[in-house]
Amino acid sequence: MIYLFVLIFIVLLVISVTGVKIVPQAQAYIIERLGGYYTTWNVGIHFMIPFIDSVAKKVNLKEHVADFPPQPVITEDNVTMQIDTVVYYQITDPKLFTYGVERPMMAIENLTATTLRNIIGDLELDETLTSRDTINTKMRSILDEATDPWGIKINRVELKNIMPPAEIQDAMERQMKAERERRESILRAEGEKKSAILLAEGEKESAILKAEAKKQAAIREAEGEAEAILTVQKAVAESVKQINEANPSQAFLTMKALEAFEKAADGKATKIIIPSEIQGIAGLVSGLKGITEKEKI
């Protein structure tokens, strides 16, 4: 009898322990009572009635990342390409997530594929390649609205990769290469143009500086000659002034005139015209010289 009571006690203890549940952080437990939804347990310790209550589902409330395989899509200009997407979502209502849709991940994948085909079908190839942000925004808005009854919030949608057909990729690469070569040619031409302009400007400045130097040299030379002439004129004027102040005799002036004619001739002149008054004075001087010589004899 004692062993029976001990056994019953142990069984009750085990049942009591199994009825205690601790919900960890970022998780939620869906509790069913007699097969129907009863409540949702959040973080903390909870107690359940054995054989009556049960944990129907453990829901992870962290943000999830779903990387879907590439999907074939056709653009408006009939180009078939492969696009794979990445969806970031989070469960906001564990009850709706549990009872709202069967296999929610498959539902999100199929919904993403159909939404992507609808959006890309209205765009051409070039628009598809250059409008990733627009496509991501539209897809997030549509998916978030569609998954709201399932207790799922779509936080972000990204086009992971866009893969056009091989011939399209080759054509795009050739186009990009041609564009790079064109830009290189333009840059080279602009560089040569700038170089030629700088060279011409340098030659122009050099010519201007040379002309300015010649001009300054000519000005300095002219100024020097003018100063020399001015100095000579001042000396002559000063000499004339001194002569006038000394009140020289006519004979002295005549002698100076003769000296001037002597210097003018300098043995090189073949013919010299002497004024008559100087000739008379010269004759007088010669006469006086002869009389002087006779007296000495």
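Reader: What makes the 22 Å between the end C-alpha atoms of α5 agree with its 16 residues?

Author: In this predicted model, the 16 residues of α5, at 1.5 Å a residue, should span 22 Å, and its end C-alpha atoms are 22 Å apart, so the two values agree.

Reader: How do you know that the buried residues of α5 line one face of the helix?

Author: Seen down the axis of α5, the buried residues fall within an arc of 150°, so they line one face. These residues are Ile135, Asn136, Met139, Leu143, Asp144 and Thr147. Their cover includes β8 (80-91), α3 (104-120), α4 (125-130) and β9 (152-163).

Reader: Why is aspartate 133 called exposed?

Author: Exposed means over 50% relative accessible area. Aspartate 133 has 63%, so aspartate 133 counts as exposed. Asp133 sits, with Thr137 and Glu145, on the face of α5 turned away from its buried side.

Reader: Why is the pair of arginine 33 and aspartate 53 called a salt bridge?

Author: The definition asks for a side-chain nitrogen of Lys or Arg within 4 Å of a carboxyl oxygen of Asp or Glu. The closest N and O atoms of arginine 33 and aspartate 53 are 2.5 Å apart, and the pair forms a salt bridge. Arginine 33 belongs to strand β2 (residues 27-33) and aspartate 53 to strand β5 (residues 53-60), so the pair, 20 residues apart, links distant parts of the chain.

Reader: Are arginine 33 and aspartate 53 buried, exposed or partly exposed, and why?

Author: Buried means under 20%, and partly exposed lies between that and 50%. Aspartate 53, at 7%, therefore counts as buried. Arginine 33 has 29%, so arginine 33 is partly exposed.

Reader: What makes lysine 160 and aspartate 67 a salt bridge?

Author: The N to O distance is 2.8 Å, and the cut-off is within 4 Å. Lysine 160 is in strand β9 and aspartate 67 in strand β6 (residues 63-67), 93 residues apart. Lysine 160, at 48%, counts as partly exposed, and aspartate 67, at 44%, is also partly exposed.

Terms used: Residues are numbered from 1 along each chain as its sequence is written. This is a predicted model: local features need pLDDT of at least 70, side-chain atom pairs count only at pLDDT 80 or more; totals for chains, interfaces and linings use all residues. Side-chain values use heavy atoms; hydrogens and water are left out. Buried means under 20% relative accessible area, exposed over 50%, partly exposed in between (1.4 Å probe, protein chains only). Helices (H or I, at least four residues) and strands (E, at least two) are DSSP runs, numbered from the N terminus. The expected span of a helix is 1.5 Å times one less than its number of residues. The arc is that of the directions from the helix axis to the C-beta atoms. Contact means heavy atoms within 4.5 Å.
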